[in-house]
Amino acid sequence: MDVLVLGAGVIGLTTAYYLNAGGHRVTIVDRHPEVALETSYANGAQLSYSYVAPLAGPGILSKIPGWLTRSDSPMRFHPSLDPDLWRWCLQFVRACTRQQNVRSTRYLLQLSFLSRALMHKLVDDEPSLDFNYVRSGKLVLHRDANAFASAVGLLEFQRTLGCEQQALDHEACVQIEPALKAVRNQIAGGIYTASEDTADCYRFCVSLEKVLRERGVVFELATDVSALKHAPGGRVEAWAGTRRLPGEQIVVALGCASAKLLKTVGVGVPVYPLKGYSLTIPVRSCGIAPVISVTDFARKVVYARLGERMRVAGMADIAGYSRALNGHRLATLRREAEAVFPEAGDYSAADEWVGLRPATPRGLPVIGPTPIRNLWLNVGQGALGFTLATGCAQLLGDLITQRPTAIDCTMFSLGGRS
Ligand SMILES: Cc1cc2nc3c(=O)[nH]c(=O)nc-3n(C[C@H](O)[C@H](O)[C@H](O)COP(=O)(O)OP(=O)(O)OC[C@H]3O[C@@H](n4cnc5c(N)ncnc54)[C@H](O)[C@@H]3O)c2cc1C
């Protein structure tokens, strides 16, 4: 089959990989002259397979007022008149039940474990991929004794779901990651997960593009998909200005831009941007930078070592589609990082970045068919797009090819979300 993939971020590229491996002829389109220049560019670099619980949960609603009133809080809300924003918020609030949170977490863990197995296979199968991939392990740091106690309480439950994790006291945290010595006295404890990985998402995408080009995948870059139009036989066509793009089957993997384009052909997906920031800091040769991946639980900031660089990422601002850099938010992120890893590197030389997470209210991606017979979705991976990319892509490839899927996809389908 000829398949047109719209979007050359990490989701579109991995989709193209599994479709190509399944014997399909694939064309991939993106509006930028290079791949992965939007949300897949400088994310938190976490392949965080055991930490997939959605943001929507019973504990979150009571925290929101505090987060919304403090300008240095991990989450900010900038209200607007956009009806899509209010619809998304309403669905988010409805998803904040324990029952929904547990159900979504179970499905996401199945998807993330599949993604981990596929990522490991991909790394073995494609030795030319060069993307600072390290099986680093992750330490989630708790500063508050109550928060640590409830994280320890969750370990048993997590184990029943297949996560192997260890609780560490503050001394053991510093032993496992000596770069944490500056905050030694602020640590209540940590949860260590050996099976987590870190890697550079942008370099992954660029390496994968090379592999795909060698296998005959056609790239149409600098091509803005301007419209989807209904066509005879209950199908749609994708257009770039006056040119119809090739492809019998069309996959939408446009990240945050997906919802608006899909709406024009009557397909509604609950994807809305959650704006986040990152800093990429050159590590000093004599510096003390972390080697394992670290998450500062209370501050919601993640740290990953990418060779001679350290990536710091965090913040979730509900602020529409603007990609404007907010100096105040970046300064907060930088202050947090300098306090935890003061000797890691040259903070004055940090690269600053902003990205829009394509978030769904329940935290579940949307993978599968639409009511339009040749239109498919791989969207809404939110804060986990790099982590879940391989699993989502393989599932969609199998659905298009009409092969059995590795896990049940009902929960991720457009119709299976009630
Ligand atoms: C601060 C931050 C930290 C994050 N940290 C992590 C992390 O540690 N681990 C993790 O797993 N995930 C993380 N994420 C999430 C992850 O980066 C995203 O889920 C993922 O990159 C989404 O990929 P995508 O391909 O769907 O979207 P994108 O990468 O945005 O790709 C969509 C592509 O579609 C193209 N496009 C859009 N509209 C059009 C059009 N009309 N015509 C043609 N092309 C178009 C864009 O140019 C873009 O290249 C983070 C995100 C942020 C913002």
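**Entry 1: the end of α10**

I began just after α10, where Q402 takes a positive phi of about 60°. I took helices as DSSP runs of H or I with at least four residues, and strands as E runs of at least two, numbered from the N terminus. Most residues other than glycine have a negative phi. I noted that Q402 is a residue other than glycine. Buried or exposed: which is Q402? At 73% relative accessibility, Q402 counts as exposed. My cut-offs were under 20% relative accessible area for buried, over 50% for exposed, and partly exposed in between, with a 1.4 Å probe and protein chains only.

A note on the model: it is predicted, so local features need pLDDT of at least 70 and side-chain atom pairs pLDDT 80 or more, while totals for chains, interfaces and linings use all residues. Residues are numbered from 1 along each chain as its sequence is written, and side-chain values use heavy atoms, with hydrogens and water left out.

**Entry 2: α10 itself**

I checked the length of α10 next. Its 17 residues should span 24 Å at 1.5 Å a residue. The expected span is 1.5 Å times one less than the number of residues. The end C-alpha atoms of α10 are 23 Å apart, which agrees. Where is the kink in α10 centred? I found it on G391, with a bend of about 30°. The bend at a residue is the angle between axes fitted to the seven residues ending there and the seven starting there. I also looked at cover. Of the 17 residues of α10, 15 are buried, so the helix is largely enclosed by the rest of the structure.

A45 sits in the loop between β2 (25-29) and β3 (46-47). Its phi is near 70°, a positive value in a residue other than glycine. A45 is buried, with a relative accessible area of 0%.

**Entry 3: the ligand**

I turned to the shell around the ligand. Which of the 34 residues around the ligand come nearest? They are D30, S40, G44, G382 and T387. I sorted the shell by type and got 14 nonpolar, 15 polar and five charged residues. Here Ala, Val, Leu, Ile, Met, Phe, Trp, Tyr, Cys and Pro count as nonpolar, Asp, Glu, Lys and Arg as charged, and the others, Gly among them, as polar.

Then I looked at atom pairs. A polar side-chain atom of E38 lies 3.3 Å from an oxygen atom of the ligand. A backbone N or O atom of Q46 is 2.8 Å from a ligand nitrogen atom. A polar backbone atom of A383 is 3.0 Å from a nitrogen atom of the ligand. Taken alone, the ligand exposes 1000 Å², and the protein buries 97% of that. These areas come from the Shrake-Rupley method with a 1.4 Å probe.

I asked which elements give two or more residues to the shell. They are α1 (10-21), β14 (272-282), β18 (351-359) and α10 (385-401). β18 gives the largest share, four residues.

**Entry 4: two more residues**

K121 lies in helix α4 (residues 98-125). It is partly exposed, at 47% relative accessible area. L254 lies in the loop between β13 (249-252) and α8 (258-263). At 22% relative accessibility, L254 counts as partly exposed. The C-alpha atoms of L254 and G287 are separated by 39 Å, with the two residues 33 apart along the chain.

Conventions. Near = heavy atom within 4 Å. Polar contact = N/O pair within 3.5 Å; in protein donor to acceptor, adjacent residues only side chain to side chain.
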